Amino acid sequence: MRITHLRRLGQSAALATALVCLGAAQPAAADTPDLAFTVDQPETTPGSTVSLTMTLTNNQSTDIWFVYQSVQPTWATTQRKDLKYNFVSCTAQGAVCSGTGSTALGVNYEIPLAPGTSRTVTLTYQVAADSGCNGTIGFYSYLYYEYDNGQRTKDGIHNTPETRVACAPAEPAAS
C-alpha cells in the first residue's frame, strides 16, 4: 500500500511541475510578428528616395506600457564610406520619430498600446545624388517593450531581409 501512495505522490508532483512550467511561460505570440518591415521598392539609385515602413503590433494579452526602439544602419552599410543618405521624413500613426536628417533614428510610441492594436511608422530616406552604390543599404532595429504593468518585457534586434535595398549606380548620361 505504501508504494501506491508514493506512485500517486510522484504523479501528482510531475503534474504540478508541468503546470507550473506552463503557467510561467510568456504568452504565446500570434502569427503577426511584433515588428514587421516593408520597403516600397527593392532597388534604388543615387538621388532616389526609399520608404521603409515598420509596424509594431501588440501580440500580448495586456497593454504595452513602455516602448524603446532605435533604427540603425547595418555594419556592412556603415563600412561603405562612399554611401551617402539621410532620413528625410518620418510619418507615424501613434508614434513620434527623432533623428530625421541623420542615418539613425529613435521611435517613441504612444502608450498604452492595447492588445491586438498596431502602430505604423514610415521612414523615408534619400540617397544623395553623388553617393556611391554597388551594394545594399540595410537597417536593423532594436526593440524593447514592457507589458503586463511592467512585470514582463520583450526585447531583441529585428533585422529582416526586407530592410535591405539594393543601391545600383546611376545610369551614365547618353552621349
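Which residue forms a salt bridge with aspartate 34? I looked this up first. Lysine 154 does, and the closest N and O atoms are 2.8 Å apart. A salt bridge here is a side-chain nitrogen of Lys or Arg within 4 Å of a carboxyl oxygen of Asp or Glu.

**Ground rules.** I am working with a predicted model, where local features need pLDDT of at least 70, side-chain atom pairs count only at pLDDT 80 or more, and totals for chains, interfaces and linings use all residues. Residues are numbered from 1 along each chain as its sequence is written, and side-chain values use heavy atoms, with hydrogens and water left out.

**Entry 1: salt bridges.** I searched the whole structure and found three salt bridges. I began with the lysine 154 and aspartate 34 pair. This pair links distant parts of the chain, 120 residues apart. Lysine 154 sits in strand β11 (residues 152–158), and aspartate 34 sits in the loop between α1 (2–24) and β1 (35–39). Helices (H or I, at least four residues) and strands (E, at least two) are DSSP runs, numbered from the N terminus.

Is aspartate 34 buried or exposed? I read 12% relative accessibility for aspartate 34, so it counts as buried. Lysine 154 is partly exposed at 22%. Buried means under 20% relative accessible area, exposed means over 50%, and partly exposed lies in between (1.4 Å probe, protein chains only).

Next I checked arginine 80. It forms a salt bridge with aspartate 82, with the closest N and O atoms 3.1 Å apart. Arginine 80 is partly exposed at 22%. Aspartate 82 is partly exposed at 35%.

Then I looked at aspartate 130 and lysine 84. Their side chains meet in a salt bridge of 2.8 Å, N to O. Aspartate 130 lies in the loop between β8 (118–127) and β9 (135–137), and lysine 84 in the loop between α2 (75–78) and β5 (85–93), so the pair ties together parts 46 residues apart in sequence. Aspartate 130 is exposed at 54%, while lysine 84 is partly exposed at 37%.

Side chains of opposite charge can pair when their charged atoms come close.

**Entry 2: strand β4.** I found glutamine 69 in strand β4. Its relative accessibility is 1%, so glutamine 69 counts as buried. What does its side chain touch? I found a polar contact of 2.4 Å with the side chain of tyrosine 109. A polar contact is a pair of N or O atoms within 3.5 Å; within protein, one must be able to donate a hydrogen and the other to accept it, and residues adjacent in sequence count only if both atoms are side-chain atoms.

Tyrosine 68 is also in strand β4 (residues 64–73). Tyrosine 68 is partly exposed, at 41% relative accessibility.

**Entry 3: the core.** I looked up the largest nonpolar core and found 30 residues. Those with the most contacts inside it are Met54, Tyr109, Val121, Leu123, Tyr125 and Phe139. A nonpolar core is a set of buried Ala, Val, Leu, Ile, Met, Phe, Trp, Tyr and Cys residues joined through side-chain atoms within 4.5 Å.

**Entry 4: serine 51.** I placed serine 51 in strand β3 (residues 49–57). Serine 51 is buried, with a relative accessible area of 17%. A polar contact of 3.1 Å joins its side chain to that of threonine 124.
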